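Please look through the sequence and the model below before reading on.

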Amino acid sequence: MTLEASALQGRLCALLGADSVLTEPGDCAPFLVDHLGRCRGRARAVVQPRSTAQVAQVLELCDAERIGVVPHGGNTSYCGGPIPDDSGNQLVLSLRRLNRIRSVDPDNYSLIAEAGCLLAQVQAAAEAAERFFPLSIGSQGSCQIGGNLSTNAGGVNVLRYGMTRDLVLGLEVVLPGGRVLDGLTTLRKDNTGYDIKSLFLGAEGTLGVITAASFRLFPQIRVRATALAAIGEVRAAVRLLAQLRAASGERVSSFELIPRVGIELTSRHIPGVSDPLATAHPWYVLCELSSSRPGEPLDEVLEEALAAALADGVVLDAVVVRSERERAALWKLRETIPEAQRHEGASLKHDISLPVASLPDFVARAAAWVATHVPEGRLVAYGHVGDGNLHFNISQLPGTDRERFLARAAEIRRAIHDLVREFAGSFSAEHGVGRLKVGELERYASPVELELMRAVKRGFDPHGIMNPGKVLREP
Ligand SMILES: Cc1cc2nc3c(=O)[nH]c(=O)nc-3n(C[C@H](O)[C@H](O)[C@H](O)COP(=O)(O)OP(=O)(O)OC[C@H]3O[C@@H](n4cnc5c(N)ncnc54)[C@H](O)[C@@H]3O)c2cc1C
């Protein structure tokens, strides 16, 4: 029997203090819709605990009363994960007040942060200790580190440093029922049975609430060299990446594919963005080398590698940046593509990944399919191509009907994701499953994988209170 609304509110206020329990519609509203306005829900209340102990008290109460709990970070994710369903029975648990950097240990190259710290705050804390925290994504000023862990976020440095998962040493997690898994180790080596923490990374709040994490840090970056290279086809990007990796001794930290239309859209809609090259080309690569060794001549390495690639026709033209201002301008061009797309109407987005070597054939097949079957849209495919991740977006052409275009989303998604499977890729590279891709997981995961995932879910959360309906459908 679930508690009546007023009784629940009373119990929560007694546990957390009245100022930590929001029930007024205006106060709750920002927690009930995602940042794109695609997912909406209702909730009994929004709670904002201040400590791990308070999170534990909330989960103990909710487990006993069978109340679904929806962890809510910075609300920047793309699959509706932090938004409750529309039953009005769930509780939103915001992590924003758990926002302390607990410790930084420069000698151990490690840092412990609470889940509600903004990603930018974690980066700054590492920087202040002359260390580098490499996770870098466009939303870093508003997403929380707990959200990054729960979506296993990727970003622009994955090629060199890996996904969020690869940066984690330990976790503190509150489990349904209120027990606390206290695993904030800073050990590099610890082969003592199952790697339990791994299960919470990318779990999107379906197994427990992450309250803090310990991370590995790296030497600060002292030198960077950045260039935009024009290429004629995606195959050239794959070749250029291989050449740059060999020439630079693994100094490539970012390698982003940009289509011509990406430059046109950003130049048209984003103040301060313009085409850095004199003539138009079909594709571009934004590549960056970086090193923590002061004085390393990375500009020279990059220029030589690009000159060789120009000579053998892999690259058609290139510009190497000469200042931090020019570098920022190139990154702005890359990072504002989604914003520029919005100026021209709706987009159908597909966050896919493929084996890097398969990218050229996949893009050729998928682009031909789009050209034939989606005359009202145009392809805007860009992304972290160094790790095989493409944001394979189809933008509505100006003058076409928005609703008719959006009505085709499911049919188009099916065709693209089926093709991704044919190429042994993934339908969700870095954005997770949330509530929007539950059906995709059911379609593309093997029966064995689904069975194991359901067993893990039952084992951690027998009453199904953690973010119900996300990742896995209700049994
Ligand atoms: C401009 C922009 C650029 C982006 N670029 C990238 C990119 O390059 N790479 C990338 O991977 N993503 C990117 N994203 C997506 C997004 O920023 C990431 O998914 C991010 O990790 C989400 O963090 P958040 O704090 O906003 O989480 P939320 O959106 O609040 O939540 C995400 C999921 O995690 C759960 N959750 C949140 N906190 C906790 C917690 N403490 N414990 C348990 N569960 C929790 C939620 O219930 C939800 O299921 C971008 C988004 C935007 C808007």
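Leaving out residues up to four places away in sequence, leucine 111 touches Ile101, Val104, Val122, Ala125, Ala126, Phe133, Phe215 and Leu217, where two residues are in contact if their C-beta atoms, placed from the backbone, lie within 7 Å. This is a predicted model, in which local features need pLDDT of at least 70 and side-chain atom pairs count only at pLDDT 80 or more, while totals for chains, interfaces and linings use all residues. Residues are numbered from 1 along each chain as its sequence is written.

Is leucine 111 buried or exposed? A residue is called buried if 20 or more other C-beta atoms lie within 10 Å of its own, exposed if 12 or fewer do, and partly exposed in between, with the C-beta atoms placed from the backbone. Leucine 111 has 26 C-beta neighbours inside 10 Å, and therefore counts as buried. The residue belongs to strand β6 (residues 110-114); helices (H or I, at least four residues) and strands (E, at least two) are DSSP runs, numbered from the N terminus. Although leucine 111 and arginine 216 are 105 residues apart in sequence, their C-alpha atoms are 6.7 Å apart in space.

The pairing of strands brings us to the other end of that distance. Strands β6 and β10 run antiparallel and are joined by 5 bridges, and two strands are said to pair if DSSP finds at least two bridges between them. Within this pair, serine 110 stands opposite arginine 216 in β10. Strand β10 also pairs with β8 in the antiparallel sense, over 6 bridges, and here valine 173 has isoleucine 210 in β10 as its bridge partner. Of the 8 residues of β10 (residues 209-216), 7 are buried, so the strand is largely enclosed by the rest of the structure.

Strand β8 (residues 168-174) contains valine 168, which is buried, with 21 other C-beta atoms within 10 Å. Not counting residues up to four places away in sequence, valine 168 touches Leu149, Lys197, Leu201, Ala213 and Phe215. One of these, alanine 213, is in contact with Ala113, Ile145, Leu149, Val168, Gly170 and Leu171, leaving aside its neighbours within four places in sequence.

In soluble globular proteins, nonpolar side chains tend to be buried together. A nonpolar core is a set of buried Ala, Val, Leu, Ile, Met, Phe, Trp, Tyr and Cys residues joined through C-beta atoms within 7 Å. The largest such core here has 61 residues, of which Val47, Val69, Leu91, Leu111 and Ala213 touch the most other members. This core draws at least three residues from each of domain 1 (5-94) and domain 2 (101-219). Apart from it lies another core, of 60 residues, among them Val238, Leu244, Ala309 and Ile337.

How is the protein divided into domains? By an automatic or database domain assignment, the divisions are domain 1 (5-94), domain 2 (101-219), domain 3 (223-338) and domain 4 (344-422).

Strand β1 pairs with β2 (residues 45-47) in the antiparallel sense over 2 bridges, and leucine 22 stands opposite valine 46 in β2.

The last stop is helix α17 and the segment after it. Of the 14 residues of α17, the number buried is 1, so the helix lies largely in the open. In the segment after α17 lies asparagine 467, which is buried, with 31 other C-beta atoms within 10 Å. Most residues other than glycine have a negative phi. Asparagine 467, however, has a positive phi of about 40 degrees although it is not a glycine.
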